[in-house]
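Reader: I am new to this structure. Please show it to me, and then I will ask about the terms used for it.

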Amino acid sequence: MPYRFKYKAVSPKGDIQKGYFEAEDIQTAKKNLDLKGLIPINVEADEGYKSIFKKYFKPSVNLEVLLEFTKKYNTLIKAGIPMLRALDVIENEQENIKFGSVLQEIRRLVESGMALSQAMQQFPEYFSSLYINTIRAGEASGQMDIVLDRMCELIEREMKTKEMIKSAIRYPIYVMITIMLAITVIVTIVVPKFADFYKFYQSDLPLPTRMLSEFSNFVSSFWYVVVFMVGVMVFSFKRFSKSSIGQKIFDWIKLEMPILGNIFLQLTISRFCYVLATLIRSGLPLVESLGLVGTTVGNSIIAKVIASIGDNVRGGGDMFSPMRRSKYFKPLVIQMFAIGMESGNIDNMLFEVARHYDESVEYQSKKLASRLEPIMTLFIGGIVLMLALAIFLPMWNMIQVFKK
């Protein structure tokens, strides 16, 4: 049964071409591109038209569910259980209903003669291209158990990485939430009391209090407008952040922002090194591995550098020139790459780089609170000063009010 694929490729003249065509699987699709003289950059299954709901709220499987599936499947395969039987067992034990229905469909496709990686490819919202190609490498090499072991390590590491990111930004978020709650209470409860009191005595509120009072009156009178505007802003922000321009801007901000930028950069480089090493050790060629890694690092700026590395290697060049041109790849990474390439031990070298950056990120995350403290103190001090003036100025002016 042919499937519809969309592709992005480079023509012999160097032009970028995009289009759609049908093929039995992604490998056949890439071969068809080669026969046409096109160098594939990206080939993936076409999901067709999506409704707005599916486009922005598409189903996904969290890493815990994917890890549980991978571990169970690995255990059953090592125990000598046939693939179809293993899939049936995991499907019957699956607590996630949506993922259970996906496993049922995958088992049906495998029964019809499709390879497991090809069946998983029909569900890109559940299985990433990295996961699918790693499974394909296991099928080709006959070392599925070893490949699954590495995939489990990769998923566990991804979960750890996400937790480190959360811990890095948790403190600033908590502070901002606390400030917003304080402002809300003062604007909706405290300031109106002063406003009523001064209105009763026909006296003017101090300027800071009057500004907060006007803001409070606006929110109270036109709350539906505020809710609508907030909704529009959130929706627009999501749309813009998912666009190519918006993604580049936000990814650039992540890397360039003070303090947090270095943490995000090291997390990205660590992920790049670890995933690349895992794919190389699983038996995938270096060029193909570089093509897959770019989609997993989570930053379009770094992904562009990785794409240029792959293009350079594909054209017969080295890996290091694009890295040196980019300010985001430190000399340590470049030197470790060079040593690994010279010794033929690049996977171990990359694992060492990833471990080094992981330890650095963990240390910096623990010290983050103390490094952010001066900035947050100044910010909170400014907010507290504004609120203090809005609250205490009316109290200090009460004597004048009573004299009137």
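Author: What follows explains some terms applied to this predicted model.

Reader: Which residues of α3 and α4 make the contact?

Author: From α3 come F69, K72, Y73, L76 and I77, and from α4 come M83, A86, L87, V89, I90 and E93. By class, nine are nonpolar, two are charged and none is polar.

Reader: What makes the pair of F69 and F99 edge-to-face?

Author: The ring centres lie 5.7 Å apart, and a pair needs centres within 6.5 Å. The planes stand at 85 degrees, and over 60 counts as edge-to-face, so the name applies. F69 is in helix α3 and F99 in helix α5 (residues 97-111), 30 residues apart.

Reader: How do you know whether F69 and F99 are buried or exposed?

Author: Buried means under 20% relative accessible area. F69 has 2% and F99 has 0%, so both count as buried.

Reader: Why is the pair of F127 and Y131 called tilted?

Author: The planes of F127 and Y131 are 45 degrees apart, with 5.4 Å centre to centre. Stacked needs under 30 degrees and edge-to-face over 60, so 45 degrees is tilted. F127 and Y131 are both buried.

Definitions and conventions
Residues are numbered from 1 along each chain as its sequence is written. This is a predicted model: local features need pLDDT of at least 70, side-chain atom pairs count only at pLDDT 80 or more; totals for chains, interfaces and linings use all residues. Side-chain values use heavy atoms; hydrogens and water are left out. Contact means heavy atoms within 4.5 Å. Helices (H or I, at least four residues) and strands (E, at least two) are DSSP runs, numbered from the N terminus. Ala, Val, Leu, Ile, Met, Phe, Trp, Tyr, Cys and Pro count as nonpolar, Asp, Glu, Lys and Arg as charged, and the others, Gly among them, as polar. Rings of Phe, Tyr and Trp (its six-membered ring) pair if their centres lie within 6.5 Å; planes under 30 degrees apart count as stacked, over 60 as edge-to-face and the rest as tilted. Buried means under 20% relative accessible area, exposed over 50%, partly exposed in between (1.4 Å probe, protein chains only).
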